[in-house]
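Please look at the fold below before reading on.

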Amino acid sequence: MLSKIRLILWLLVLLVAGYFVAMNNISVTVNLLPGYQTVPLPLSIIILMSIIVGAILAILIAIGDWIKFKLEISRLKKTA
């Protein structure tokens, strides 16, 4: 039963993503640095790339904190 619910949720996510891409299909250029622009890309691709880069940065920060906490736990276990 749980696999069917998961499948329905994934299909819903894909449907929403498809609608998002269809509604944001105009081409835009992004000014990254003064004098440097990207090639014209659909707005939906720019937004999705921004979300992916933000998620990757959040995961990297979380991994750094996780490693720090694991080192602290091992240090405290040694002193106990």
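Helix α1 covers residues 2-23, and its 22 residues reach 32 Å from the first C-alpha to the last, close to the 32 Å expected at 1.5 Å a residue. The coordinates belong to a predicted model. Helix α1 is hardly covered, since the count of buried residues among its 22 residues is 0.

Along the sequence, the elements follow the pattern α-β-β-β-β-α. Taken along the principal axes, the box filled by the C-alpha atoms is roughly 60 × 50 × 10 Å.

Burial and surface can be read for the chain as well. Of the 80 residues in the chain, 5% are buried. The chain exposes about 7200 Å², and carbon and sulfur atoms supply 77% of that area.

Which residues make the nonpolar surface patch of about 1000 Å²? The patch is made by I52, V53, I56, L57, I59, L60, I63, W66, I67 and L71. One of these residues, V53, lies in helix α2. V53 has a relative accessibility of 47% and counts as partly exposed, because that class runs between the 20% limit for buried and the 50% limit for exposed. A residue also needs over 30% relative accessible area to be part of a patch, and V53 has 47%.

How many salt bridges does a search of the whole structure find? The search finds 1. It is formed by the side chains of R75 and E72, with a distance of 2.4 Å from N to O; the cut-off for such a pair is 4 Å. Both residues belong to helix α2, which covers residues 43-79, and because R75 and E72 are 3 residues apart there, about one helical turn separates them.

Are the two partners buried, partly exposed or exposed? R75 has 44% relative accessibility and counts as partly exposed. E72, with a relative accessible area of 36%, is partly exposed too.

How values were computed
Residues numbered from 1 in each chain as written. Predicted model: local features only at pLDDT ≥ 70, side-chain atom pairs only at ≥ 80, totals over all residues. Heavy atoms only, no water. Helix = DSSP H or I, 4+ residues; strand = E, 2+ residues; numbered from the N terminus. Buried < 20%, exposed > 50% of the residue type's maximum accessible area, 1.4 Å probe, protein only. Patch = residues over 30% accessible without salt bridge, like charges linked within 9 Å, V, L, I, M, F, W, Y side chains within 5 Å. Areas by Shrake-Rupley, 256 points an atom, 1.4 Å probe, with all protein chains shown as cover. Expected span 1.5 Å × (residues − 1).
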